[in-house]
Amino acid sequence: MFQSKIAGLGYYVPKNVYTNNDLTRFMETSDEWIQERTGIKERRYANRIGETTTSMAVEASKIAIERANTTAEEIDFIIFATLSPDYYFPGCGVLLQREMGMKEIGALDVRNQCSGFIYALSIADQFIKTGMYKNILVVGSEKHSFALDFSTRGRAVSVIFGDGAGAVVLQPSTEEGKGILSTHLHSDGAEAEKLAMYYPGASAGYYLGDAMPKWPDVELGEMLMTKEMLDDGSAFPYMDGQAVFKKAVVKFPEVIGEALAQNKLKTTDIDMLIPHQANLRISQFVQKTLGLTDDKVFNNIQKYGNTTAASVPIALCEAWEAGKIKDGDLVCLAAFGAGFTWGSALIRW
């Protein structure tokens with residue numbers, strides 16, 4: 001059986017920089033308020049027209065493919081993680097295949113939000129290990145900016161998220177003890193509505209009951225999206241920040257510890273932890289819990305905000321480009337997000 005290795009990695013972020021002060025034009029907030037709660041100083045927003053979840057993925061993928069010393073024609077499978085697809089269907093995987101002129105290969109879309117890239121990486125790892133594929137393109141890409149509530153009402157969510165894409169190419173390796181050592185995936189839907197975008201979804205009332213925002217009676221065939229939903233904010237993403245924080249700071253260390261235990265390693269063996277960039281305060285809490293020094297944890301949420309499925313590959317690529325990840329290093333990737341879902345991957349570089 002083969003080992004999976006990351007042969008190439010790349011990322012892309014839009015040129016448009018929006019600082020915390022820029023957001024004060026749309027809502028009652030301040031740079032101090034945002035930094036205190038999230039650690040974020042600025043984020044990137046894609047062009048409203050002409051820049052998409054797929055087009056950003058293309059740019060990140062080009063870099064990853066080149067660094068893997070391969071070509072788009074040699075990619076034999078795509079796994080695309082996103083919560084902000086260009087179409088409700090079809091998924092972005094086939095759009096990426098088309099835009100890059102690839103062969104008629106398989107394309108799988110993963111909808112695990114902030115944990116999406118870890119889930120996608122785990123799936124790709126299984127395909128490589130069994131010898132089914134030799135060049136798998138794993139992508140996380142998000143364009144959040146088109147669907148956020150840029151008002152004072154929506155500031156608790158909208159100040160957090162940014163746009164961007166990251167990609168890696170996975171290939172087989174025969175180097176024993178190198179590459180992806182293990183991946184670990186979990187979910188718990190008991191609090192699914194604590195971080196969710198309820199629409200589109202006709203079944204929302206079943207789960208939310210009296211807690212669901214009310215919409216006017218509609219006749220069969222009429223649109224469920226109404227002006228009232230836009231006015232009361234129920235059409236936008238919802239997050240119970242405290243509930244997410246409390247769960248994340250437990251599950252992050254837990255799933256990292258699971259990976260270390262399976263490989264008979266200790267926290268002190270970690271050379272670089274790349275956590276999902278959900279909130280700098282969460283990352284700092286996890287770092288303190290694990291007893292890791294600043295040089296062993298990489299954060300870039302300050303510059304890009306939370307890019308959900310794209311955050312881990314963007315941070316991984318930046319850390320590698322900065323020389324913070326070297327041959328032989330033990331790298332741990334971890335993520336927690338809506339669902340709730342969480343996961344980790346342990347890699348010997």
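**Entry 1: a helix and its neighbours**

I began with helix α4, whose buried residues pack against α3 (53–67), β4 (77–81), β5 (106–110) and β6 (136–142), where contact means heavy atoms within 4.5 Å. The helix itself covers residues 92–99, and its buried residues are C92, G93, L95, L96 and Q97. I take buried to mean under 20% relative accessible area, exposed over 50%, and partly exposed in between, with a 1.4 Å probe and protein chains only. Helices (H or I, at least four residues) and strands (E, at least two) are DSSP runs, numbered from the N terminus. After α4 comes G101, and I noted that its phi is positive, near 65°.

**Entry 2: how the model is to be read**

This is a predicted model, in which local features need pLDDT of at least 70 and side-chain atom pairs count only at pLDDT 80 or more, while totals for chains, interfaces and linings use all residues. Residues are numbered from 1 along each chain as its sequence is written, and side-chain values use heavy atoms, with hydrogens and water left out.

**Entry 3: strand β1**

I looked next at strand β1 (residues 3–12), which is mostly covered, since 7 of its 10 residues are listed as buried. Which way do β1 and β7 run, parallel or antiparallel? They run antiparallel, and 9 bridges join β1 to β7 (residues 164–173); two strands count as paired if DSSP finds at least two bridges between them. Within this pairing, Y11 stands opposite G166 of β7.

**Entry 4: nonpolar cores**

For cores I used sets of buried Ala, Val, Leu, Ile, Met, Phe, Trp, Tyr and Cys residues joined through side-chain atoms within 4.5 Å. The largest such core has 40 residues, and those with the most contacts inside it are I136, L170, I274, L316, V331 and L333. Helix α5 (residues 116–129) gives the most to this core, namely 7 residues. Another core, of 25 residues, lies apart from it and includes A248, V249, I282 and L292. I then listed the contacts of I274, setting aside neighbours within four places in sequence, and among them are F298, V312, A315, L316 and V331.

**Entry 5: A335**

A335 is part of strand β12 (residues 330–337), and with a relative accessible area of 1% A335 is buried. With neighbours within four places in sequence left aside, the residues in contact with A335 include C114, S115, I118, F252 and H276. C114 is itself counted as buried because its relative accessibility is 8%.

**Entry 6: salt bridges**

How many salt bridges does a search of the whole structure find? The search finds 14, each being a side-chain nitrogen of Lys or Arg within 4 Å of a carboxyl oxygen of Asp or Glu. I first followed the one between E59 and K62, whose closest N and O atoms are 3.7 Å apart. These two are 3 residues apart in helix α3, so about one helical turn separates them. E59 counts as partly exposed at 33% relative accessibility, and K62 is partly exposed at 45%.

I then turned to K178, which meets E175 in a salt bridge (3.5 Å, N to O) and forms another with D327, where the closest N and O atoms are 3.3 Å apart. D327 lies in the loop between α12 (311–321) and β12, and K178 in the loop between β7 and β8 (179–187), so the pair ties together parts that are 149 residues apart in sequence. K178 counts as buried at 17% relative accessibility, whereas D327 counts as exposed at 65%.

**Entry 7: T38**

T38 has its place in helix α2 (residues 31–38) and counts as buried because its relative accessibility is 5%. Its side chain reaches the backbone oxygen of I34 at 2.7 Å, and a polar atom of that side chain lies 3.1 Å from the backbone nitrogen of I40. A polar contact here is a pair of N or O atoms within 3.5 Å; within protein, one must be able to donate a hydrogen and the other to accept it, and residues adjacent in sequence count only if both atoms are side-chain atoms.
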